[in-house]
Amino acid sequence: MVVAIVAATLIVFALSRLQGDPRNVMLNVGYVSPEQWEAWGKQFHLDKPLIVQYLIWAGKGFFQGDFGESLKTGKPVLEEVFYFAPASLQLGLSAVLFVLITGIPLGILSAVKRGTIWDVVGRTFAVFGQALPPFWLGIMLILVFSVTLDWLPSGTRGHDASGWLDRLRYYPMPAVTLGWLASAGLMRLVRSSMLEVLDSEYVKLARAKGVATGTVIWKHAFKNALIPPLTFAGLILVGFIGGTVVTETVFAWPGLGQMTYRSIINNDFPLMTGAVLVFTALYVFAIFIIDVLYAFIDPRIRYS
């Protein structure tokens, strides 16, 4: 975890310096005196060597929680992240719900009913999910369900909704747009894992002993096929929270993805680098939790 996060900080810091001195972007060179230029550099440690700048930036960020202030709003980076995080968390959880109620059942059904029409339906669902670009899918959903049928609102988070039932109408289209690709991947992964387990010797033995089909599928097959989908599902959730730039832009959803997009457009280096590091920490922590959960799912796995 430590190595991964340190590597991420090095990459982010290096990318933030590719355009040269940040003062060239943050200040209007033609209207700044040499004294102001130097004073601004000393204030943000830009007069020091790059390695010293990196150590100061990374140390303040991880040990003091200070990633600087947004150049656009003047607010601390972490305050901005925490402000936009709830919207992304809500959208991410709704997308994960869509992924789980579609990807896992379709994967199991496709494996159990291999070669039937249900298998064709599941694989077709996966093909479309992996082939349709999310931005195009979102626009088509808006065109059909908002413009043509007028069933669902076209965007935003629903702050002006009259109640929680009305607010729920804002979630289906962004959740499907964000989750279909991941649902297709999870469905294929569950199907392949289930097929591998269903063809194993202990499952054949259970069937030969007369164990009920439901018990064979859910207790013997699904539980032992759960580790690859678990890894994928955990990364899906973290990816949905931090990597929703396209979906949030299409649906004007005020979350971390929209915040990151605007920080890039505005050349807001502190906000952009802070957001990337928060996303990296979430990924690393999620992978750690998933590794720990392996031992609870599969008794054969032990950590010493």
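Predicted model: local features only at pLDDT ≥ 70, side-chain atom pairs only at ≥ 80, totals over all residues.
**Helix α9 and its neighbours**

Begin by selecting helix α9 (residues 172-198) together with helix α6 (residues 117-131). Their axes come within 7 Å and cross at roughly 140°. Angles over 145 degrees count as roughly antiparallel, and α6 and α9 are therefore oblique to each other. The crossing of α6 and α9 is left-handed.

The crossing of α7 and α9 is right-handed.

**Two loop residues**

Next, select Asp-150, in the loop between α7 and α8 (164-168). Most residues other than glycine have a negative phi. Asp-150, although not a glycine, has a positive phi of about 55°. Its relative accessibility is 60%, so Asp-150 counts as exposed.

Then move to Ala-252, in the loop between α13 (245-250) and α14 (256-265). Ala-252 is not a glycine either, and its phi is positive, at about 50°. With a relative accessible area of 39%, Ala-252 is partly exposed.

**A nonpolar patch**

Finally, select Met-1, Phe-285, Phe-288, Ile-289, Val-292, Leu-293 and Phe-296, and switch to a surface display. These residues make a nonpolar surface patch of about 670 Å². Where does Val-292 lie? Val-292 belongs to helix α15 (residues 269-297). Val-292 has a relative accessible area of 35% and is therefore partly exposed; patch residues must have over 30%.

Note on methods. Residues numbered from 1 in each chain as written. Heavy atoms only, no water. Patch = residues over 30% accessible without salt bridge, like charges linked within 9 Å, V, L, I, M, F, W, Y side chains within 5 Å. Areas by Shrake-Rupley, 256 points an atom, 1.4 Å probe, with all protein chains shown as cover. Salt bridge = Lys/Arg side-chain N within 4 Å of Asp/Glu carboxyl O. Helix = DSSP H or I, 4+ residues; strand = E, 2+ residues; numbered from the N terminus. Buried < 20%, exposed > 50% of the residue type's maximum accessible area, 1.4 Å probe, protein only. Axes fitted to C-alpha atoms, helices over the stretch in contact; angles between N-to-C directions. Parallel < 35°, antiparallel > 145°, perpendicular 65-115°, else oblique. Left-handed = near helix turned anticlockwise from the far one by under 90°.
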